[in-house]
Amino acid sequence: KMLSQNYSPCFGPVALALAQPTSILPGSMATHTLEASAGISSQAKVEEDLTFTSFWQGHEAIALQGWELHITCGGLSTCGFDEFEKIVCMRIATVATLPVFDLNGLFDRADLDADGTISRPEFLTWVMQEPPSNEALFHECLQARLEVSLTLAQKICASQADMERFFSGMPGLPNMGGAFHHYHMQKDSGRGSYETESVDIIPNLPLRVEGECAKVIQRTATIAGTISMVAWALCSQVPLEGRLKIVKLVASSNDPWDFAALLALAEPSNSSKCTSSSGDVSPANDLSSLTASAFDALPPVVSKRGPLAQEAVLHVASASFLDLETPLSLEFGMMLGFQQLAASVKAAAPACLGRVLRFHKRRDLESRFLADLPWNHQQVVDGILASFCKEAASYVDSSVQHAAAEAIYVSVHQGHGRISALLAASLKQRALQSTEPHTRVAGVHALAHVVEGVPALEGAWRALASHLADPDEAVCRTASGHFGGRAPLVCSNSGIVVPLLQQLLCEGGKDGKQLQQHSRACVVETAACIASSGDSFSGPTRDSLAAVAMLALKDEAVEVRIPAFQLLQNLGSPEPAGARDALLDQLHDNGLSCLSACHALTSMVQPGDAAVVSRVSKLLCVFQGTPPERAEIAGCLRHLARIGGDRTATDAFLRLLQDYSDDSSCRVAALGGLESVAFAGDSGVRTQLLELVSSCPPDTDPQTLIAAVATLKKVCHIGDMEVAAVLVDLLVADTSATKPTLLTEIVGALVELCAPGDPAILAQIAKRLSSGSWPVRHAVLKAIRALALPNEVLPAVQVCLRDPHPDVRECAVETLAAVCQPGDRQALAALESLLEEDQPLHVEITIQEALETLSGDMVNSSVGVAPALTVPPRRLAETTSMGSSFQLVDSASMCSMPTMAAATNQSSFQMADGASQCSVPVRQASNRSESSFELVDAVVSAA
């Protein structure tokens, strides 16, 4: 009904025919795939296969798009009949005519395991009848066929009597290549029928269907080509001789996916899942001969299937080098053509690999990865080679072994879980048990490659962590380096790794003995690296990391304790129980240990802890390390001291400043600490700093002066003219003129300490305007701009408007524009006169901007500083047509001030020496008006 309503305008009679009940027209394929018996005519089978297999031929992309549209985007995982109908209609839209067929029957055939829905593997098995050229799609289709074969094998339900009946009629194996199993079809266009020649020797698949009423249905063994045929070979109830016959039949077929069926048998994981659960280890339940027969059949089959199929065979055959299990029986080895019975099974996969490499153009790692090939790839390959089964490797030469190792490398890099698990187990049993340290180092590199490729392998993480306890330091350092280089990956698996680290440090190695010093250090370094990832650890993981740190703090070796301090520092606040006291106990040492302990305390302890401040202050006085290390301790004390004033820390900094006044790093650290912890008005600090600044030689480093000026600004009272005089002398010195940061700090201190317009200070500053150094004159102008009142600026800076250096002239113009009031005729006249002279471009632009700021028929006002304007946030109903401007003088930001008026108006807004300002709405009268505003010291005044 849906098809007839929704699709008949597009598809015409085809959609209508599909919408009809399953009535059968002459020549149509109507036989249902789920039959109660196997009595299906040969012609009907052929018509079924033709319709089923060729439905998407040449239109596979449409099928994949349909699945993406109706299944993936719909949030579904499997395809029901309704979704199936929509996807099929996308195929119908591509043809003008299509034979009438049974839609229900088509759905049943695509539902290979008869569970009522079509999974993604089943859909790909139906759609992709030939191997695709796209590598990603090829691997997905190959994996889909392997899953389908295993699913069908697990659903086969037949009694032992049925098995004997099914396979007793199978003919014996021919001498050359097995039984023929193919269809030879010729269409007679006159009669519209098919002639077929078939050797139907594979019994139907009796599949158990679970549901309200469990039942067993019969499905033809050729429903999905050889991939469903091989389901019999994977069934644990089928005799081994019957399985070997099926392998021969698959190998001699013309199915484009025949290699996939053989790979389903060669995969050890599939074989292990389909073995008998009874625990019987008799030769009848040993699938090693079946796997060997599949490997023996693969080379001639895969030689016709292209490089992707050949690569797949190489990967599976290479994994056999890692297999740790020994075949239970070798009784069927002679059937595979080997001269020696003992070598028949064990050499099958290596022989397969060597035979495929004869015609396969294999790409090595350098050509595969080019730029992103890691630096240690050769060591990884060496580790893989060391993990090979020596007996399997003995059947091939070194070039084949190397090719197998690189194939395994690529499989792990691509995230192949089974091969990665095999490699991890083989490394643990072989390479990592070697007596040679360099072999174990290579094994650790290979193990790190495994955890990077498949991070979910818990066993690989455990093996890598266990080698932090290796007796050889090179092995330990290699393992620790891999943990450090993969910190985000390690953190995502910290729940596995961290308890192992705690266990190693508590219980020791395998023999229960305490780890060697280098091993203990590597364990703690790894824990510190995990804690430094930036993730916020909580619960058991954080408790385990803290336990590792507390254990390491008790270690006698300083090489173990130092990474423990780093671990606690990375954990930060809240401090683990007992960590504060344990760290304070470490402050008795005068080496790196106490320095690291101070850093850890800084990250864990809240500022103002009196006991911690006292201990660190004492340490600062008695520490015997280098001056840079002493400066580091001073920095820690600065962060630990009480905010707002700390007498204990202040005394420690004063002593440091006095005892190590000849070292710049200690001076700067002490001055920075005093700026943070000294009380305002501290006369002792003021006296010592005033002496330092007034007696400093010309070559004193600027950082010392900057820190001293900043501290004086904090501890001195407003109006301290003695300090101001010293700062003025420092301001006009050549040292300040060439150091912009120092100059800014001095000017800021003078602004804090001196009242604006102080004639004594301005007189002292103005004297330096005649200095022969233009940077000094430039610095003096900046100080005048900050300290002078508007009526005092012009006389002080007018002489600089004709300064020979253009930067000084520019600064003089900026000073006038910053502090003079708009409409100041004397300032405007001076600027206009200066503009008439030839000036550099940047000076001319500055003059024009200053004139724009100060001009404009401004109304002079005698009103003093007014309180800040407050305007209620309401919107006026009148229309507004206006222009407005907002200018910050001596600031980096520019913004606009909205005005609200009934008629056109103009306004200007100026901020002197400010950094930012909010917009202020101004309501104007209905007639045209002009207004100006000036912000002085963040206060709005109306002019």
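Biologist: Let's start with Ser-387: is this residue buried or exposed?
Modeller: Keep in mind that this is a predicted model. Ser-387 is found in the loop that runs between α20 (377-386) and α21 (390-393). Its relative accessible area is 0%, and the cut-off for buried is under 20%. So Ser-387 is buried.

Biologist: Which residues does Ser-387 touch, not counting those up to four places away in sequence?
Modeller: With those neighbours left out, the contacts of Ser-387 include Phe-321 and Leu-322.

Biologist: How many Å apart in space are Ser-387 and Thr-439, C-alpha to C-alpha?
Modeller: Along the sequence, 52 residues separate Ser-387 from Thr-439. In space, C-alpha to C-alpha, the two are apart by 9.7 Å.

Biologist: Over to Thr-711: which backbone oxygen does its side chain reach?
Modeller: Thr-711 has its place in helix α39 (residues 702-715). Thr-711 counts as buried, because its relative accessibility is 0%. At 2.8 Å, its side chain reaches the backbone oxygen of Ala-707.

Biologist: And what does Thr-711 touch, not counting residues up to four places away in sequence?
Modeller: Leaving those out, the contacts of Thr-711 include Glu-675. The list also has Leu-671, Leu-674, Val-685 and Leu-689.

Biologist: Now the rings. Trp-67 and Phe-123 form an aromatic pair, so what kind of pair is it?
Modeller: The structure holds 14 aromatic pairs. In the one between Trp-67 and Phe-123, the centres are 4.9 Å apart and the planes make 35 degrees. Planes under 30 degrees apart would count as stacked and over 60 as edge-to-face, so this pair is tilted.

Biologist: Which helices hold Trp-67 and Phe-123?
Modeller: Trp-67 and Phe-123 are both buried. The pair ties together parts that are 56 residues apart in sequence, because Trp-67 lies in helix α5 (residues 60-72) and Phe-123 in helix α8 (residues 120-127). The helices are α5 and α8.

Biologist: Which residues do ring pairs link into a cluster?
Modeller: Trp-67 and Phe-123 are among them. The cluster also takes in Phe-55, Trp-56, Phe-81, Phe-84, Phe-107 and Trp-126.

Biologist: The charged end of Arg-630 sits over which ring?
Modeller: That charged end is 3.9 Å from the ring centre. The ring belongs to Tyr-660.

Biologist: Salt bridges next. Which residue meets Arg-362 in one?
Modeller: The count comes to 23 salt bridges. In this one the N to O distance is 2.7 Å, and the partner is Glu-406.

Biologist: Why does that pair tie together parts that are 44 residues apart in sequence?
Modeller: Arg-362 counts as partly exposed at 32% relative accessibility, whereas Glu-406 counts as buried at 6%. The reason for the tie is where the two lie: Arg-362 is in the loop between α18 (348-357) and α19 (365-369), and Glu-406 is in helix α22 (residues 398-413).

Biologist: Which helices does the salt bridge of Arg-477 with Glu-525 tie together?
Modeller: The closest N and O atoms of Arg-477 and Glu-525 are 2.9 Å apart. Arg-477 is partly exposed, with a relative accessible area of 34%, and Glu-525 counts as partly exposed at 30%. The two lie 48 residues apart in sequence, so the bridge ties together helix α26 (residues 473-485) and helix α29 (residues 517-531).

Biologist: Asp-659 and Arg-655 both lie in which helix?
Modeller: Asp-659 forms a salt bridge with Arg-655, with the closest N and O atoms 3.4 Å apart. Asp-659 is partly exposed at 43%, and Arg-655 counts as partly exposed at 44%. They are 4 residues apart, about one turn of the helix, and that helix is α36 (residues 647-659).

Biologist: Last one: how many disulfides does a search of the whole structure find?
Modeller: Among the cysteines, Cys-389 counts as buried at 19% relative accessibility, while Cys-696 counts as partly exposed at 22%. A disulfide needs two cysteine sulfur atoms within 2.5 Å. The number found is 0.

Conventions
Residues are numbered from 1 along each chain as its sequence is written. This is a predicted model: local features need pLDDT of at least 70, side-chain atom pairs count only at pLDDT 80 or more; totals for chains, interfaces and linings use all residues. Side-chain values use heavy atoms; hydrogens and water are left out. Buried means under 20% relative accessible area, exposed over 50%, partly exposed in between (1.4 Å probe, protein chains only). A polar contact is a pair of N or O atoms within 3.5 Å; within protein, one must be able to donate a hydrogen and the other to accept it, and residues adjacent in sequence count only if both atoms are side-chain atoms. Contact means heavy atoms within 4.5 Å. Rings of Phe, Tyr and Trp (its six-membered ring) pair if their centres lie within 6.5 Å; planes under 30 degrees apart count as stacked, over 60 as edge-to-face and the rest as tilted. A charge sits over a ring if NZ of Lys or CZ of Arg is within 6 Å of the ring centre and within 35 degrees of the ring normal. A salt bridge is a side-chain nitrogen of Lys or Arg within 4 Å of a carboxyl oxygen of Asp or Glu.
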